[in-house]
Amino acid sequence: MENSSDVIHQAAEIIKEGGIVAFPTETVYGLGADAFNPLAVARIFEVKRRPYFDPLIVHVANPDDVKKLAKEIPPHAKKLIERFWPGPLTVVLLKKEDIPDIVTAGLSTAAIRMPNHPMALSLIKESKCPIAAPSANPFGYLSPTTADHVQEQLGDQVDLILDGGPCSVGVESTILSFLEEKQSLLRPGGISLEEIESIIGKVEVHPVGEERPRAPGMLPRHYAPRTPILLDWNEKDLDHYQGKNIGLLAFQEAKNHLKFHHVEVLSKKGDLREAAANLFAAIRRLDALDLDLIFSETFPEIGLGRAIVDRLRRASHSITSPPLVGGNKGERE
Ligand code: TXA
Ligand code: MG
């Protein structure tokens with residue numbers, strides 16, 4: 001078996017030569033390229049079929065590197081960086097001119113984070129450049145939390161996949177922006193709002209589905225499996241879909257499990273961190289079963305529950321009458 005430092009070395013060579021490499025972080029797997037090589041970054045957009053209006057996060061291996069990328073670092077951003085980096089926190093700051101436009105979709109800002117995974121950090125250090133990386137999934141689909149997930153969907157299109165095991169956090173980083181002296185949450189994620197507010201005070205929060213997404217990629221429908229997910233449902237809906245193949249995404253226990261074809265329990269002990277870490281892999285397993293529909297329980301919107309509910313809302317957005325369940329259109333109203 002190849003030694004992990006050999007593979008990382010090989011991966012860094014690929015990045016330096018303008019290639020693209022999938023790599024593990026503590027949140028989800030990323031698909032990375034040299035942030036200062038616009039052609040390499042363009043390949044990421046092509047492979048993911050990602051619209052060019054959706055900017056990428058720039059990953060660094062040292063908190064000080066933020067100074068090379070951002071024009072200024074407001075005191076609150078600095079405090080959070082000191083407290084949470086390396087970790088699942090992305091800060092959006094005014095960018096320096098030399099970051100290529102393709103990375104930031106022409107915005108005057110850049111999203112920057114230092115991931116907390118030894119392989120990611122070694123890769124960035126050895127590549128000797130910041131690495132621009134979105135999650136390593138086709139645009140709109142769930143993020144990968146294992147190297148196998150990446151292999152299944154993008155395997156033949158990337159130059160190398162680094163396998164660092166399953167991601168420990170399992171949902172993407174929290175994105176905070178610090179523009180015009182306002183601090184706002186663009187995406188709930190691996191660091192909870194409570195933890196952030198305990199350090200910098202009140203943060204503006206924007207609900208899912210608002211007209212103009214603050215983070216250009218935060219579309220109302222996103223992070224979605226192929227099978228429709230239904231989030232707001234009640235017992236009556238179950239009878240209604242009798243005879244259909246339905247899966248359940250449950251928090252702690254499998255209620256009504258006899259009625260479901262398959263049940264995924266995210267955390268038997270009711271721990272939201274554990275549930276977040278299991279979320280995407282569980283949805284992928286359900287998605288692989290050719291079900292007509294996935295029912296999802298809701299989760300408490302505290303701590304990591306906020307990120308879980310955000311992803312589930314987006315995954316289920318505009319599914320009120322599942323297209324695969326024929327003849328039921330409109331009957332839920
Ligand atoms: O945990 C994560 O953040 C993972 C790992 C790989 O680091 N990355 C990730 O990247 O989730 P991606 O591209 O899937 O999501 C990044 C989000 C997108 O919604 C994008 O629109 C937003 O960050 N974003 C990037 N640059 C931005 C900017 N300058 N202003 C506002 N939003 C930005
Ligand atoms: Mg993504």
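## Charge, dimensions and sheet

In the protein chain, the mean positions of the 38 positive and 46 negative charges lie 3 Å apart. Lys and Arg count as positive and Asp and Glu as negative, with His and the chain ends not counted; each charge is placed at NZ of Lys, CZ of Arg, CG of Asp or CD of Glu.

The model is predicted: local features need pLDDT of at least 70 and side-chain atom pairs count only at pLDDT 80 or more, while totals for chains, interfaces and linings use all residues. Residues are numbered from 1 along each chain as its sequence is written, and side-chain values use heavy atoms, without hydrogens and water.

Because a compact globule of 333 residues would have a radius of gyration near 20 Å, the 20 Å of the protein chain agrees with that expectation; the radius is taken over C-alpha atoms, and the rule is 2.2 Å times the number of residues to the power 0.38. Of the 333 residues, 55% count as buried, meaning under 20% relative accessible area with a 1.4 Å probe, protein chains only.

The protein chain contains 11 helices and 14 strands, defined as DSSP runs (helices H or I, at least four residues; strands E, at least two). An open sheet of mixed pairing has 10 strands in the order β7-β1-β2-β6-β3-β5-β4-β8-β9-β10. Since β7 and β10 stand at its edges with a single partner strand each, one side of each is left without a neighbour in the sheet. Two strands pair if DSSP finds at least two bridges between them; β4 and β8 run parallel and are joined by 4 bridges, and T90 has I175 in β8 as its bridge partner.

| Strand | Residues |
|---|---|
| β4 | residues 89–94 |
| β8 | residues 174–179 |
| β7 | residues 160–161 |
| β10 | residues 204–205 |

Technical notes: Chains are lettered from A and ligands numbered from 1 in the order in which they are written. Buried means under 20% relative accessible area, exposed over 50%, partly exposed in between (1.4 Å probe, protein chains only).
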